[in-house]
Amino acid sequence: MFDSNDNDPISPALRALLELFTTELAEVRFPDMSGEVLEDAAAQVRVKAEAVAKAQAALEAARQSLHESQDALLQKGQRALAYARVFSEENPELNTKLDSIHLPRPVRKGAKVEGVAVEPVAAQHGNEENAPKRRGRPPKVRPSAGASLFAEGATAEALAVAHEGNGVLPTA
């Protein structure tokens, strides 16, 4: 995983030094320093970097599992709160306690930002202007009963205006 230069945990400067000690300085020996010593240290760095990558992948999987468990708990909590509200209709004290509990609204699947679930915009602001755009085709505009697309003197511009507007063609 760390063999390519882009993912190598060893800096380009150290890679250049390692290359020098394996080529031009391969025969040179310094006190407790040689090409082999450097290569062993570089190999340890790569092993440690691989361990970090595996630990990060395991952490991400654990976070995803935690998020799924939290979602399941929230759904069960919402159902329990709804049942408790029906049950407490005759008990004002219990009803007051339940009214003080505000669970987040359920989020549609796939509505996540960087692994964090978010509420739809309209639910956050209580405003229909910020609601997501409706999907699908807009409804067809039907011409009024007396209008005809083939009226005498209709031009292309008049037809376009009629199609965009209320369907009534101007007469010539």
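**Stop 1: Asp 32**

Select Asp 32. It sits in the loop between helix H1 (12-22) and helix H2 (35-87). This is a predicted model, so treat each stop as a prediction. Is Asp 32 buried or exposed? Asp 32 is exposed, with a relative accessible area of 69%. Now check its backbone. Asp 32 has a positive phi of about 40°, although it is not a glycine. Most residues other than glycine have a negative phi.

**Stop 2: helix H2**

Move along to H2 and select residues 35-87. How many residues does H2 have? H2 has 53 residues. From its first C-alpha to its last, H2 reaches 77 Å. That is close to the 78 Å expected at 1.5 Å a residue.

Next, colour the buried residues of H2. They are Gly 35, Leu 38, Ala 42, Ala 49, Ala 53, His 67 and Leu 81. Keep Leu 38, Ala 42 and Leu 81 in mind. They come back later.

For contrast, select Lys 48, which is also in helix H2. Lys 48 counts as exposed because its relative accessibility is 58%, and the cut-off for exposed is over 50%.

**Stop 3: Asp 8**

Go back towards the start of the chain. Asp 8 lies in the segment before H1. Why does Asp 8 count as buried? Its relative accessibility is 11%, and buried means under 20%.

Show the side chain of Asp 8 and look for its partners. Which backbone nitrogen does this side chain reach? It is that of Ile 10, at 3.1 Å. The side chain of Asp 8 also makes a polar contact of 3.0 Å with the side chain of Arg 46.

**Stop 4: the largest nonpolar core**

Select Ile 10, Leu 18, Phe 21, Leu 38 and Ala 42. These 5 residues form the largest nonpolar core. Which elements give two or more residues to this core? They are H1 and H2.

Stay on Ile 10 and show what surrounds it. Leaving aside neighbours within four places in sequence, Ile 10 is in contact with Arg 15, Leu 18, Ala 42, Val 45 and Arg 46. Arg 46 is the residue whose side chain joins that of Asp 8.

**Stop 5: Leu 103**

Now jump ahead. Leu 103 is in the loop between helix H3 (92-99) and strand E1 (112-113). With a relative accessible area of 36%, Leu 103 is partly exposed.

Which residues does Leu 103 touch, beyond neighbours within four places in sequence? Its contacts are Leu 74, Gly 77, Gln 78 and Leu 81. Leu 81 is one of the buried residues of H2. Leu 103 and Leu 74 are 29 residues apart along the chain, yet their C-alpha atoms are separated by 7.7 Å.

**Stop 6: Thr 96**

Step back to helix H3, where you will find Thr 96. Thr 96 counts as exposed, at 55% relative accessibility. Its C-alpha is 9.7 Å from that of Arg 85, 11 residues away along the chain.

**Stop 7: helix H4**

Colour the model by pLDDT. Which element has the lowest mean pLDDT? It is helix H4 (residues 121-125), with a mean of 44. H2 has the highest, at 95. Over residues 119-126 the pLDDT is below 50. This stretch has 11 contacts in the model beyond near neighbours in sequence. Where pLDDT is low, the predicted coordinates should not be read in detail.

**Stop 8: the whole chain**

Zoom out. The mean pLDDT of the protein chain is 78, and 65% of its residues reach 70 or more. Count the elements: there are 5 helices and 2 strands. Along the sequence they follow the pattern α-α-α-β-β-α-α.

The protein chain exposes about 14,400 Å², and carbon and sulfur atoms supply 57% of that. Of its 172 residues, 11% count as buried. Last, look at the contacts between residues at least 6 apart in sequence. Of these, 35% join residues at least 24 apart.

Terms used
Residues numbered from 1 in each chain as written. Predicted model: local features only at pLDDT ≥ 70, side-chain atom pairs only at ≥ 80, totals over all residues. Heavy atoms only, no water. Helix = DSSP H or I, 4+ residues; strand = E, 2+ residues; numbered from the N terminus. Buried < 20%, exposed > 50% of the residue type's maximum accessible area, 1.4 Å probe, protein only. Expected span 1.5 Å × (residues − 1). Polar contact = N/O pair within 3.5 Å; in protein donor to acceptor, adjacent residues only side chain to side chain. Core = buried A, V, L, I, M, F, W, Y, C linked by side-chain atoms within 4.5 Å. Contact = heavy atoms within 4.5 Å. Areas by Shrake-Rupley, 256 points an atom, 1.4 Å probe, with all protein chains shown as cover. pLDDT = per-residue confidence, 0-100.
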